[in-house]
Amino acid sequence: MNWIISRHSFLIIGFGLLLTLGIAMFSWQHLQFEYDRTLEEKSRDTMNLTKAFEEHIRTVLDDTDNDLTSIRNIYESSSEDPAFFLKYFTYLKRHYTFAVISVVDEHGRIVASTQQISQPINVSQREYFQFQRDSISDVLHIGKPVADPLTKENLIPVTRRIKKPDGSFGGLVFVGLRTDYFTNFYQVMDIGEDNLISVTGTDGIVRARQIRDNPASGQNVGGGELQRLARDQSSGTYISTSAIDGKQRIRSYRLLPDYPLIVSVGISTVTAFAKHEAYKRIYILLTAIAIVAIIG
């Protein structure tokens with residue numbers, strides 16, 4: 001009789017252990033499924049934000065290029081009429097995006113500007129001037145961020161080449177874009193605390209970046225994961241830990257096909273998985289109670 005009871009007890013214990021193991025395995029698989037589902041959902045949300053950010057950047061650059069082309073055409077056809085330039089510049093200066101608009105001759109001298117220049121300024125050593133001087137094609141150039149020589153404000157130089165009647169280099173038209181205009185998207189979209197937006201050139205130089213209330217530009221991130229991924233695929237989503245603040249983010253990016261820029265939006269994993277973590281704690285607690293009841 002005792003042997004039969006012991007055997008039954010052994011079977012009950014074995015069944016209980018198998019049931020406990022089964023519940024634990026099911027719970028783990030269920031939580032993993034929920035994690036993957038949340039990751040997929042947040043990755044989709046991040047990519048949608050990136051697409052919206054891309055459209056914002058594209059609109060700014062398209063409008064800027066239209067104005068640059070218009071100024072250049074005026075200069076090439078009637079450069080001897082400074083009164084017209086002053087009137088046209090005053091009109092363009094109303095746009096907050098443009099911190100400064102200038103026309104530069106082939107020697108690097110600023111010959112017309114929306115700024116009041118009290119002494120001659122030469123920009124021939126600037127990267128954007130040398131690019132347009134050495135370029136043989138008519139391209140919109142989005143240069144590395146520079147400090148304005150008068151206001152010291154950090155600007156993104158956007159330029160178009162001026163041609164002389166014989167086709168040789170005649171200078172350039174310059175627009176200095178405010179970096180914070182790009183990153184104003186951060187507040188407009190209200191993408192949340194610890195999240196990130198950035199505009200990075202394919203040359204690895206950051207044009208504009210914002211995390212919380214901390215804008216930045218000019219950093220070289222050419223050796224980073226974003227640059228490596230963008231070289232292989234024009235868009236994508238990945239999880240990375242920032243070298244700037246140590247925060248982990250779900251980050252989506254898109255390479256603009258018509259501009260040498262990569263736009264990116266990153267959502268903090270703490271924020272993205274907040275609901276999942278709360279659900280996970282409750283689910284684990286209920287699973288533990290069930291296991292304890294089975295053991296009892």
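Colleague: How many helices and strands are in the protein chain?
Modeller: This is a predicted model. Buried residues account for 44% of its 296 residues. The secondary structure in the protein chain comes to 8 helices and 12 strands.

Colleague: Which element gives the most to the largest nonpolar core?
Modeller: That core has 32 residues, and Ile-57, Leu-61, Leu-177 and Phe-182 touch the most other members. Elements giving two or more residues include strand S1 (98-104), strand S5 (154-163) and helix H1 (2-78). With 8 residues, the top contributor is H1.

Colleague: Which residues are included in the second, separate core?
Modeller: The second core is separate and has 11 residues. Among them are Val-100, Ile-121, Tyr-128 and Leu-155.

Colleague: Within what arc do the buried residues of H3 fall?
Modeller: Helix H3 covers residues 127-134, and Tyr-128, Phe-129 and Gln-132 are buried there. Seen down the axis, the buried residues of H3 line one face of the helix, because they fall within an arc of 100 degrees.

Colleague: Is Arg-160 buried or exposed?
Modeller: Buried means under 20% relative accessible area. Arg-160 has 12% relative accessibility, so Arg-160 counts as buried.

Colleague: How many residues apart in sequence are the parts tied together by Arg-160 and Asp-65?
Modeller: Arg-160 and Asp-65 form a salt bridge, with the closest N and O atoms 2.8 Å apart. Arg-160 lies in strand S5 and Asp-65 in helix H1, so the pair ties together parts whose separation in sequence is 95 residues.

Colleague: What is the N to O distance in the salt bridge of Arg-160 and Asp-138?
Modeller: Asp-138 sits in the loop between H3 and strand S3 (141-142), 22 residues apart from Arg-160. Asp-138 counts as partly exposed, at 39% relative accessibility. The two side chains meet, N to O, at 3.1 Å.

Colleague: Which residues do salt bridges with shared partners join into one network?
Modeller: The salt bridge count comes to 13. Salt bridges that share partners make one network, and its members are Glu-54, Arg-58, Arg-254 and Asp-258.

Colleague: How far apart are the closest N and O atoms of Glu-41 and Arg-37?
Modeller: Both lie in helix H1, 4 residues apart, about one turn of the helix. Glu-41 is partly exposed, with a relative accessible area of 30%. Their salt bridge has its closest N and O atoms apart by 3.8 Å.

Colleague: What accessible area do Ile-282, Leu-285, Leu-286 and Ile-289 have together?
Modeller: Ile-282 lies in helix H8 (residues 274-295). Ile-282 is exposed, at 54% relative accessible area. The four form a nonpolar patch on the surface, and their accessible area together is about 420 Å².

Technical notes. Residues numbered from 1 in each chain as written. Predicted model: local features only at pLDDT ≥ 70, side-chain atom pairs only at ≥ 80, totals over all residues. Heavy atoms only, no water. Patch = residues over 30% accessible without salt bridge, like charges linked within 9 Å, V, L, I, M, F, W, Y side chains within 5 Å. Areas by Shrake-Rupley, 256 points an atom, 1.4 Å probe, with all protein chains shown as cover. Buried < 20%, exposed > 50% of the residue type's maximum accessible area, 1.4 Å probe, protein only. Core = buried A, V, L, I, M, F, W, Y, C linked by side-chain atoms within 4.5 Å. Arc of directions from axis to C-beta.
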